[in-house]
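Here is a short tour of one protein model.

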Amino acid sequence: MTLSKRIQAMPYSAIRKLTPYANAAKKAGKKIYHLNIGAPDVKTPQVFFEAIKEADIDVLSYAPSPGLPELLEATSNYYKGIGLDFEPQEIVVTNGASEALFFVLFTLLDPGDEILTCEPYYANYFSYFTQAGVSLKTFPTSVENNFHLPSREVIEEKISPKTKCILLSNPGNPTGAVYTQEEIHMVCQLAKDHDLYIIADEVYREFIFDGAEFVSFASVKEVQDRVVVLDSISKRFSACGARIGSVASKNPDIVRAMVKMATSRLAAPTLEMLGATALYEMEGDYFQEVREEYQKRRDCIYEELAKIEGVQASKSAGAFYTVAALPVEDAEDFCRWLLEDFDLEGESLMMAPAAGFYEHSQDYKNQVRIAFILNTQDLKRAMHILDEGLKAYKAR
């Protein structure tokens, strides 16, 4: 008996691949600084929990497949507040942005079709491509250029008759890149010229640094019928465990297909949707405060990495990740060694080997993705451990 070829082709998530080693290290008494996963330590707003506690429900039945009406309304109002005109009926609530992508892939592409994205890309995308039977094509971005998009010609040469979609994360995961208005319009023009859909993963749109402007693909009117926006409360409100996301489009055919997909899994969780509604209805300067906190962390991680000999890192313009090239041949071996064989006064750290974020992984084996989701004191300590770990690793 054998397992399916599909599951055999599907890799473990690069983000959690080393988790067994981290668990063993913690069991042995080490303290581990987790910089491998985008799970912020910023407190979830209490209104989320209060909304659930105050729920007056006798029977916890299935919610409507597209989502609770009050959450759809609150999400629509949120979009309108940032200049995106999505009506409640143009939004479908999903179990995280991951399910949103799953729905979109099964709606827009057939097995054997190609999807185009940049390299590096969010590692877990590949798992969904594999499940959907979709082929991946990538174009390169580089740490030297802070992972901005290459020229139109470089992207265009990767487009084939089988290409159906361009998928981009903006701000970028794992790179922290934020695309300029010129880059957004260039991709939109490519999509028009080659009759492609644009899948816009914008879950980090609130986290833009240095006063930069965020430009959504959905704001470009000429392509609104071919843009699908993936979204989530996970990072925006530090509510990863709620698993509430959404997908939005101005194209009614796409929305009807999303609803069809949603009915196949019945419903998203009711209580979490009530909490998410309260988050979107929250007043005050929450996003401003959180953005300032993440910029402090971005500045801290960039300054600390710059002090370590042989490390090259981009200065993230958004999100809360950076990709760093380390002075080692195999970052995965180094990250595993940090967990298994190294500690500094009983402490070590966990990072995500970045090769899993690349189609051409062998060319980037010396890179790691670092999530700066801890407070600045812990980040400084983690970077000191990294510095000492690199010295000890080289001296073995």
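This is a predicted model. Strand S3 (114-119) and strand S5 (163-169) each supply at least two residues of the lining of the largest cavity. S5 gives the most, with three residues. The largest cavity has a volume of about 70 Å³. Its lining counts 14 residues, and Cys118, Pro120, Ser169, Asn173 and Tyr179 lie nearest the centre. By class, that lining holds nine nonpolar, five polar and no charged residues. How many cavities of 30 Å³ or more are there? The count comes to three.

**The seven-stranded sheet**

Both S3 and S5 belong to an open sheet of seven strands. The order is S2-S8-S7-S6-S5-S3-S4, and the pairing is mixed. Strand S2 (91-94) and strand S4 (135-140) are the edge strands, and each pairs on one side only. On average, neighbouring strands of this sheet are turned by 25° against each other, direction ignored.

S2 pairs with strand S8 (residues 245-249) in the antiparallel sense, over four bridges. Val92 has Val247 in S8 as its bridge partner.

Helices pack on this sheet. Helix H4 (residues 69-81) touches S2, S7 and S8. The direction of H4 makes about 115° with that of S2. Helix H6 lies across S3, S4, S5 and strand S6 (197-201). H6 runs at about 160° to S5.

**Two helices in contact**

H6 (residues 125-132) also packs with helix H5 (residues 96-108). Their axes are 10 Å apart, at an angle of about 35°. H5 passes H6 in a right-handed crossing. Which residues of the two helices meet? From H5 come Ser98, Leu101, Phe102, Leu105 and Phe106. From H6 come Tyr125, Tyr128, Phe129, Gln131 and Ala132. By class, this contact has eight nonpolar, two polar and no charged residues.

**The four-stranded sheet**

There is also an open sheet of four strands. Its order is S9-S10-S13-S12, with antiparallel pairing. Strand S9 (312-313) and strand S12 (352-353) stand at the edges, each with a single partner strand, so one side of each is left without a neighbour in the sheet. S9 and strand S10 (residues 321-325) pair over two bridges, in the antiparallel sense. In that pair, Ala313 has Ala324 in S10 as its bridge partner.

**The largest pocket**

Now turn to the open space. The largest pocket holds about 590 Å³. Its lining has 27 residues, and Ser98, Tyr122, Asn124, Lys235 and Arg243 lie nearest the centre. H5, H6 and strand S7 (227-232) each give two or more residues to this lining. Which element has the largest share? H5 does, with four residues. By class, the pocket lining divides into 13 nonpolar, nine polar and five charged residues.

The table sets out the two spaces.

| Space | Volume | Lining residues | Classes in the lining |
|---|---|---|---|
| Largest cavity | about 70 Å³ | 14 residues | nine nonpolar, five polar, no charged |

Conventions. Residues numbered from 1 in each chain as written. Predicted model: local features only at pLDDT ≥ 70, side-chain atom pairs only at ≥ 80, totals over all residues. Heavy atoms only, no water. 1 Å grid on protein atoms, 1.4 Å probe; cavity = no way out; pocket = protein on both sides within 12 Å on 5 of 7 lines; lining within 4 Å. Points joined across faces, edges and corners; volume = space filled by probe spheres on them. Nonpolar A, V, L, I, M, F, W, Y, C, P; charged D, E, K, R; others polar. Axes fitted to C-alpha atoms, helices over the stretch in contact; angles between N-to-C directions. Left-handed = near helix turned anticlockwise from the far one by under 90°. Contact = heavy atoms within 4.5 Å. Pairing = 2+ DSSP bridges.
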